[in-house]
Amino acid sequence: MNRQDFYDGKLFDAYRYMGAHKDGDKIRFVTYAPRASRISIIGEFNNWNEEFMEQDAQSGFFLFYSDKAKEGQMYKYCIYGPDGNRQEHCDPYGFEMELRPGACSIIRDITTYRFNDRSWMQMRSAGMEDAINIYEMHMGSWRMNKKDENGWYQYDEIAKMLVPYLKQNNYTHVELMPLSEHPFDGSWGYQNTGFFAPTKRYGTSDKLMKFVDMMHQAGIGVIMDFVPVHFAVDGYGLKLYDGTPLYEYDNKDTGESEWGSCNFIHSRREVQCFLQSAANYWLEEYHFDGIRMDAVSRLIYWQGDESRGVNDTAIDFLKAFNLGLKQRHPTAMLIAEDSTAYPGVTEPVWKGGLGFDYKWDLGWMHDTLEYFQTGPEYRSRDYHKLTFSMVYFWNERYMLEYCHDEVVHGKATILQKMYGDYEDKFPQARAMYMYMMIHPGKKLNFMGNEFGQIREWSEAQEQDWMILKYPIHDAFHKYMVKLNDIYKKEKAFHYDYHRENFEWLDCHQEERCIYAIGRKTADHMIVGIFNFSDKEQKDYKLTIKGHHTRRTLLHTEWEQYGGTMKKRKENIHLKKKGKDSELTITLPRYSGVLLKLTKKE
């Protein structure tokens, strides 16, 4: 490792030197703690008796070579701060850790697994003009193992169940909530102690690599949530690592996050190397296809508060971070969870942007859910909540999402958010998801949403799979499978970031709450027509330029999906009107229809 590059914040592979590594017939331990007065190492290989590490000159790097240490053995660093106080720490660059409440690092060789995904890696792309339909999930609560005291399956066991489910449901990618080691189950992995250690809850590093490999061989991409903003406060972690604030700020105002964790100080070059190397590690060593970066607004603005101003050093870090990852992994996805209006989040760094590929459209999500939570008597007033998203859409490459944050903490599930009684929620949810699919932007949906989960999500409880025994939920699930299939197959849905691909065919039916959207290719157009009112809208007419043939792809009210209409009885007529075509349709309450119109020569 070039130490000067480390001091300058330029490294993306510090993990190859730092931590515990086989070096000849010994294990080499390296940690960086510039203000420590001395450091010892304890572990299974020395019966937990302190053996002191040597600092290389005044470099801040402490080294120890052991001819007794073996793979799979536990260890810790005992760090004496400048005041002489001693604190035991796990290895910041450790490749494995004990399961909570244990806090030891574990010696692990991550070079032994052999991937069989070469064809996937060679053909992979960031998907700008492809179908991207992401299934977001929490590894421990998707399905739970009755034979395990915690209810957990191993990574490879989950893969065996998950691959056929994702294929059957027509998802292209799976996004995993953070898998970096974390002490508290209820943090869902967003407060880490082991940034290079896959959580032991679900197995070893080899089993996680096998999980990714199995997904790739099935044609499914894998994205992982990455947390570059803050870390857990547990004393054995990064907090006061060398006896002083090394990874965090030294004052409470900027050093403590709203979640009670420690904020990284991104102006420090050592911290930059640490985070850059961690992100690169998951992409390089585990073959992840992308990272979704959590809480980007807290990097852009101080504490995420626009009134406190832009955090220039964190912005500089983000640019270098994304630029370096893209240089190393040009086909991997970099996704920002960002609720701000800061410009250029998905612009390339060389154009002055932050360099992400995609940005979650949190504004679209909130406006859409608020609209459907509102009684139909108010939807004429709120009509343009659903048109506003296209006013700003072309500013960034947006991804539409209904994520885990929207189904917890008293917010109700997506289905439950729909206005009205139990039966009325389903047609509205079917129509809303159809609207989501025809709206430009790649897609993400959290587990359980696809079959109308009613109970809010908890990390301690399996999804309510038994609910599929009820015909109305089973029909809703079948509808979502079909909708995903149409999205995946129809290319008109994939050119999200081409202005000519989208057209409001009608967005001025305020009183009737009717919307019409077109997604176009050179020879055909997918048309989505919606009635979000609680009244049937008879003989709605829409003029389409040119002459076309018509095929109905999907109607939300088809009987097989829980509606009241027999298939192909949707009362739609298309006729020539001069040089154009006139579409006449009767729209049931809370309904939508997808039509494929092909140009006539």
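On a 1 Å grid over the protein atoms alone, a cavity is a set of points where a 1.4 Å probe fits but cannot get out, and its lining residues have an atom within 4 Å of a point. The model shown is predicted, so local features need pLDDT of at least 70 and side-chain atom pairs count only at pLDDT 80 or more, whereas totals for chains, interfaces and linings use all residues. Residues are numbered from 1 along each chain as its sequence is written, and side-chain values use heavy atoms, with hydrogens and water left out.

The largest cavity is lined by H138, M139, M177, P178, L179, H182, W188, G189 and Y202.

Just after α4, G219 takes a positive phi of about 80 degrees.

Aromatic rings of Phe, Tyr and Trp (its six-membered ring) pair if their centres lie within 6.5 Å, with planes under 30 degrees apart counted as stacked, over 60 as edge-to-face and the rest as tilted; by this rule there are 71 aromatic pairs. The rings of F226 and F321 have centres 6.1 Å apart and planes at 25 degrees, so this pair is stacked. Because F226 lies in strand β14 and F321 in helix α8 (residues 312-328), the pair ties together parts that are 95 residues apart in sequence; both F226 and F321 are buried.

Note on methods: On a 1 Å grid over the protein atoms alone, a cavity is a set of points where a 1.4 Å probe fits but cannot get out, and a pocket is an open set with protein on both sides within 12 Å along at least five of seven lines; lining residues have an atom within 4 Å of a point. Helices (H or I, at least four residues) and strands (E, at least two) are DSSP runs, numbered from the N terminus. Buried means under 20% relative accessible area, exposed over 50%, partly exposed in between (1.4 Å probe, protein chains only).
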